[in-house]
Amino acid sequence: MKMIELNDGRANAIIAPSLGGSVLAYNVLVDGEYRAIFRESTHPQNVLDSCNFPLVPFSNRIRDGKFNWQGTPVQLPLNCLPEKHTSHGHGWQVEWDIVEINENSVLLQYSHIADDWPFPYRVMQKISLESGELTIKLSVKNTGSKIMPVGLGLHPYFTRTSSSRLTTCVDKMWAVDSECMPTKIVEPPQELTTGTGININLNKLDNAMVGFKQHAQIEWPEWGIQANMTTSDNCTFLVVYSPENENFFCVEPVTHCTDAINLFNDGREDTGLHQLAQGEEFTMWMKVAPTLIS
């Protein structure tokens with residue numbers, strides 16, 4: 001497996017184009033020592049062992065892999081067995097082509113030919129380091145003649161320590177059933193949006209936050225550092241995944257809610273689903289900027 005290392009003198013990152021265009025490491029130099037902002041995964045068995053992968057042309061789950069679009073029924077293959085729903089689109093399960101590479105950035109591309117997903121598209125992913133900050137930009141273009149439902153997102157796995165904390169600003173949260181499918185809008189954990197944030201180890205979550213204000217703060221008090229995540233304005237949802245007894249937690253900026261296409265078809269106007277016409281592009285980005293805790 002070909003791996004690309006980026007280095008800007010203050011941070012390094014390892015990219016695996018053939019493994020879903022994923023990131024395998026993102027480390028920042030702090031007081032002469034590298035800290036793993038993303039969990040390290042230099043010997044992954046599959047893309048779910050990575051520390052970030054792109055979500056395109058949709059994020060999270062589509063119920064039973066089924067939806068109707070403009071009168072056409074669509075049945076997608078179940079791509080994350082034994083789950084009964086289709087997850088995260090295509091980008092994380094295909095090989096990406098290298099378009100351009102230099103010491104601190106790489107540009108990747110994936111082109112999709114219409115199949116069970118009956119919409120061809122091309123997506124570009126640029127991963128770059130500057131002054132220790134990691135920026136990932138996704139841009140998808142509809143290369144077909146039909147309007148395509150689309151959403152974008154990223155799936156970073158942050159290193160989890162005993163004191164890891166998350167603070168962000170959101171309005172509401174989707175409650176989920178036992179299959180992580182959305183059921184109703186509820187209040188988020190109160191501490192999540194206060195100055196102290198939530199202790200990740202005390203909160204088991206797998207929920208899409210609604211009304212995300214494009215900023216989240218992750219802290220590692222025992223390291224004396226924090227990372228400020230900022231995103232493009234169209235990332236109005238944030239998935240927080242903090243399973244028990246793991247060495248990671250995920251803070252995923254996304255442009256739509258779980259099962260957005262079916263909820264959109266049911267008449268909801270708050271799904272974040274974007275309709276992409278022929279030749280149009282849709283773009284999102286995420287920046288992670290580590291700093292010392294003040």
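The model is predicted. Its largest pocket has a volume of about 370 Å³, and its largest nonpolar core holds 88 residues. The salt bridges come to nine, and there are two cavities of 30 Å³ or more.

**The largest pocket**

- The largest pocket, with a volume of about 370 Å³, is lined by 18 residues, and those closest to its centre are R61, E83, H155, Y157 and Y241.
- Strands β24 (237-241) and β25 (248-254) each give at least two residues to the lining of this pocket.
- Sorted by class, the pocket lining consists of eight nonpolar, six charged and four polar residues.

**The two cavities**

- The largest cavity has a volume of about 50 Å³.
- Its lining is made up of N60, R61, W174, V176, C180, P182, D206, N207, A208, V239 and T258.
- Both β18 and β21 supply at least two residues of that lining, and β21 has the largest share, with three residues.
- Six residues of the lining of the largest cavity are nonpolar, three are polar and two are charged.
- The second largest cavity has a volume of about 40 Å³.
- The residues that line the second largest cavity are F58, S59, R61, I62, H256, D259, A260, I261 and L273.
- Two or more residues of this second lining come from each of β6 and α1.
- The lining of the second largest cavity divides into five nonpolar, two polar and two charged residues.

**The nonpolar core**

- In soluble globular proteins, nonpolar side chains tend to be buried together.
- The largest nonpolar core here has 88 residues, and those that touch the most other members are I37, F38, V140 and F158.
- Strand β3 (residues 22-30) contributes the largest share of this core, six residues.
- Leaving out residues up to four places away in sequence, F158 touches I37, F38, R39, I218, W220, M229, N247, F248, F249, V251 and V288.

**Salt bridges**

- One of the nine salt bridges joins the side chains of D259 and R63, with 3.8 Å from N to O.
- D259 is in the loop between β25 and α1 (260-265), while R63 is in the loop between β6 (61-62) and β7 (66-69), so this pair ties together parts that are 196 residues apart in sequence.
- D259 is buried, at 5% relative accessible area, whereas R63 is partly exposed, at 29%.
- Another salt bridge is formed by the side chains of K213 and D171, with an N to O distance of 2.7 Å.
- This pair links distant parts of the chain, 42 residues apart: K213 is in the loop between β21 (206-210) and β22 (215-220), and D171 is in the loop between β17 (165-168) and β18 (172-176).
- K213 is partly exposed, with a relative accessible area of 39%, and D171 is partly exposed, with 42%.
- The side chains of E244 and K204 also form a salt bridge, at 4.0 Å from N to O.
- E244 is exposed, at 51% relative accessibility, and K204 is exposed, with a relative accessible area of 62%.

- The peptide bond from V56 to P57 is cis, with omega near 5 degrees, and P57 sits in the loop between β5 (54-55) and β6.
- A cis peptide bond also runs from L81 to P82, with omega near 10 degrees, and P82 sits in the loop between β8 (72-75) and β9 (86-87).
- H88 is not a glycine, yet it has a positive phi of about 65 degrees.
- H88 is found in the loop between β9 and β10 (97-102) and is buried, at 11% relative accessibility.
- Q214 is not a glycine either, and its phi is positive, at about 70 degrees.
- Q214 is found in the loop between β21 and β22 and counts as buried, at 17% relative accessibility.
- The loop between β21 and β22 also holds K213, whose side chain meets that of D171 in a salt bridge.

Conventions:
Residues are numbered from 1 along each chain as its sequence is written. This is a predicted model: local features need pLDDT of at least 70, side-chain atom pairs count only at pLDDT 80 or more; totals for chains, interfaces and linings use all residues. Side-chain values use heavy atoms; hydrogens and water are left out. On a 1 Å grid over the protein atoms alone, a cavity is a set of points where a 1.4 Å probe fits but cannot get out, and a pocket is an open set with protein on both sides within 12 Å along at least five of seven lines; lining residues have an atom within 4 Å of a point. Grid points are joined across faces, edges and corners, and a volume is the space filled by probe spheres set on the points. Helices (H or I, at least four residues) and strands (E, at least two) are DSSP runs, numbered from the N terminus. Ala, Val, Leu, Ile, Met, Phe, Trp, Tyr, Cys and Pro count as nonpolar, Asp, Glu, Lys and Arg as charged, and the others, Gly among them, as polar. Buried means under 20% relative accessible area, exposed over 50%, partly exposed in between (1.4 Å probe, protein chains only). A nonpolar core is a set of buried Ala, Val, Leu, Ile, Met, Phe, Trp, Tyr and Cys residues joined through side-chain atoms within 4.5 Å. Contact means heavy atoms within 4.5 Å.
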